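Please look at the sequence and the structure before reading on.

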Amino acid sequence: MRLTITSWNINSVRLRLPLVLRFLGEHAPDVLCLQETKCPDDKFPTSDFRKAGYEHVRFVGQKGYHGVAVVSRLPIARVETMSFCEKVDARHMAVSLDRGAGAAAGFTIHNFYVPAGGDVPDPAANDKFAHKLQFLEEMRAWGGRARPTAAPAILVGDLNVAPLEHDVWSHKQLLSVVSHTPVETTALEALRVEAGWADAARVLTPEPEKIYTWWSYRAPDWLKANKGRRLDHVWLSPDLMETCREVAVLKDARGWERPSDHAPVTATLEL
DNA sequence: ATGGTTGTCATACAA
């Protein structure tokens, strides 16, 4: 069985609904995990996804900011959300896919949206950076406590950290830029390794090849400048890593009409 | 060193 799962920070699911539907029409992943839906739950465009063949839609949103959702062609058996940093922030949703009779137990997909962290990389001067570091610390504690990789599991999302040297256009120039500071990159790598996740994109495409999933809106010509960062990730439990054939970034989508600043990232598993 | 853009909601704030 072939399973494809996409992670995409959509930066307003309502504004970009035509783009999402185009993506689903052209690429038809089995599961789409969205971040930054910026959509209160009573306004989520569930029926549009159903019409596109995605019957199973789960979301946790809030007005204006944040918000994550999972849109699936496969039945979702269970949904859980976690809150971090004592905030009700709509930054996580876990769904369990039922792989049906005959298959081994279903598996869980965790969809994360880690805080961006503001501009100043100093937790004493910038509350948003302090919040980001605290969030990563709580993710680490969760990974150690819940042992999510003990069973088949997937973690995707906008983790807002580009952990490796070749996850950014210039390692040297970004060392003091939030998303690539040593305190963030070491924290993210440590929590990933401790919990037992494989960084699927980097297992299949090791450094020094550059991988980017995000290009700032502020660059006048994002494509030509190509000053990207790898902020969006697919992590797999070791057993699922064995089944992973491809992790692809659809850079084209960054060039669509009124795009998100993030491109969709799709993992293909052969189960 | 600085400013550059976008979305939401209401004209500030988060990214």
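H3 passes H5 in a left-handed crossing, where left-handed means that the near helix is turned anticlockwise from the far one by less than a right angle. Helices here are DSSP runs of H or I with at least four residues, and strands are runs of E with at least two, numbered from the N terminus. The model is predicted: local features need pLDDT of at least 70, side-chain atom pairs count only at pLDDT 80 or more, and totals for chains, interfaces and linings use all residues. Residues are numbered from 1 along each chain as its sequence is written.

| Pair | Angle | Axes apart |
|---|---|---|
| H3 (residues 127–146) and H5 (residues 182–195) | about 15° | 8 Å |

H3 and H5 are therefore roughly parallel to each other, a term for angles under 35 degrees. Among the residues that meet are Phe 129, Leu 133 and Leu 136 in H3, and Val 183, Ala 187 and Leu 191 in H5. The residues of this contact (heavy atoms within 4.5 Å) comprise ten nonpolar, one polar and four charged.

The model also has an open sheet of six strands in the order S3-S4-S2-S1-S14-S13, with mixed pairing; two strands pair if DSSP finds at least two bridges between them. Strand S3 (56–60) and strand S13 (244–249) stand at the edges with a single partner strand each, so one side of each has no neighbour in the sheet. S13 and strand S14 (residues 265–270) run antiparallel and are joined by five bridges. Val 249 has Val 265 in S14 as its bridge partner.

Definitions and conventions
Chains lettered and ligands numbered in written order. Heavy atoms only, no water. Axes fitted to C-alpha atoms, helices over the stretch in contact; angles between N-to-C directions. Parallel < 35°, antiparallel > 145°, perpendicular 65-115°, else oblique. Nonpolar A, V, L, I, M, F, W, Y, C, P; charged D, E, K, R; others polar.
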